[in-house]
Amino acid sequence: MNKILQFAVIAGVAFSTSSCCTIFKGSRESIRVVSNPPGATVEVDGIERGITPLDVSLKKGFSGQTVVLKKDGFDTRSFRPETAFDAVSVLNLFFWPGFIIDAATGSMMKYDLKSYELKLTKPESTVQVLPKK
C-alpha cells in the first residue's frame, strides 16, 4: 500500500507541474528557409546551421531567434521569425504550474509562419563618375 501511495503522489506532482505545450509540442519548432538564389549559408544566432533550402529547428520564445543568410556576391539578409501565442497553452489554466513552465521555456509561443523565402540582392556598385576636362 505504501508503494501505491508513493506512486500516486509522484504521479500527481508530475502531472500537476507538467506543462501542456512543453509536453505535446516541445520547446523547439522547425521552419523552412529558402533563398533566391539557393545555396546561401544559414546562421541562427551566429551559429552556422546549413545551406538553403533548409529546414532549421528554432527555440520557441516570445521573440524569434535571429536568422542570417549569407552568400558570396550578395548582400547579407537577416530576419526574426514572428511568434504567436499557442492556444494549446490555455489548457494550463487547469494546472497553473504548467502555465508558468510554458512561459519560462517559451513553449506557449509558436512560429507564425512555417516557411520563409528571401530574395538575395547583389550589392549596389559604387561607380565613381569623373568629370570631363
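User: How exposed is Asp55, and which cut-offs apply?

Analyst: Relative accessible area is sorted into buried (under 20%), exposed (over 50%) and partly exposed in between, with a 1.4 Å probe and protein chains only. Asp55 has 48% relative accessibility, so Asp55 counts as partly exposed. This is a predicted model, in which local features need pLDDT of at least 70, side-chain atom pairs count only at pLDDT 80 or more, and totals for chains, interfaces and linings use all residues. Residues are numbered from 1 along each chain as its sequence is written, and side-chain values use heavy atoms, with hydrogens and water left out.

User: Where is Asp55 placed, and which residues is Asp55 in contact with?

Analyst: Strands (E, at least two residues) and helices (H or I, at least four) are DSSP runs numbered from the N terminus. Asp55 belongs to strand E4, residues 54–59. Contact means heavy atoms within 4.5 Å. Leaving aside neighbours within four places in sequence, Asp55 is in contact with Ser30, Ile31 and Arg32.

User: How many salt bridges are there?

Analyst: Side chains of opposite charge can pair when their charged atoms come close. The rule asks for a side-chain nitrogen of Lys or Arg within 4 Å of a carboxyl oxygen of Asp or Glu. By this rule the count comes to 3.

One of them joins Arg32 and Asp55, at 3.3 Å from N to O. Arg32 lies in strand E1 and Asp55 in strand E4, so this pair ties together parts 23 residues apart in sequence. Arg32 is partly exposed, with a relative accessible area of 32%.

Another joins Glu29 and Lys114, at 2.1 Å from N to O. Glu29 is in strand E1 and Lys114 in the loop between strand E8 (109–111) and strand E9 (115–119), 85 residues apart. Glu29 is buried at 14%, whereas Lys114 is partly exposed at 43%.

User: Which side chains meet in the salt bridge at 3.4 Å?

Analyst: Those of Glu43 and Lys70, with the distance taken from N to O. Glu43 is in strand E2 and Lys70 in strand E5, 27 residues apart. Glu43 is buried, with a relative accessible area of 17%; Lys70 is partly exposed at 37%.

User: In which sense do E2 and E5 pair?

Analyst: Two strands pair if DSSP finds at least two bridges between them. E2 (residues 41–44) and E5 (residues 67–70) pair in the antiparallel sense over 4 bridges. Thr41 stands opposite Lys70 in E5. E2 also pairs with E3 (residues 47–51), again antiparallel over 4 bridges, and Thr41 stands opposite Ile51 there.
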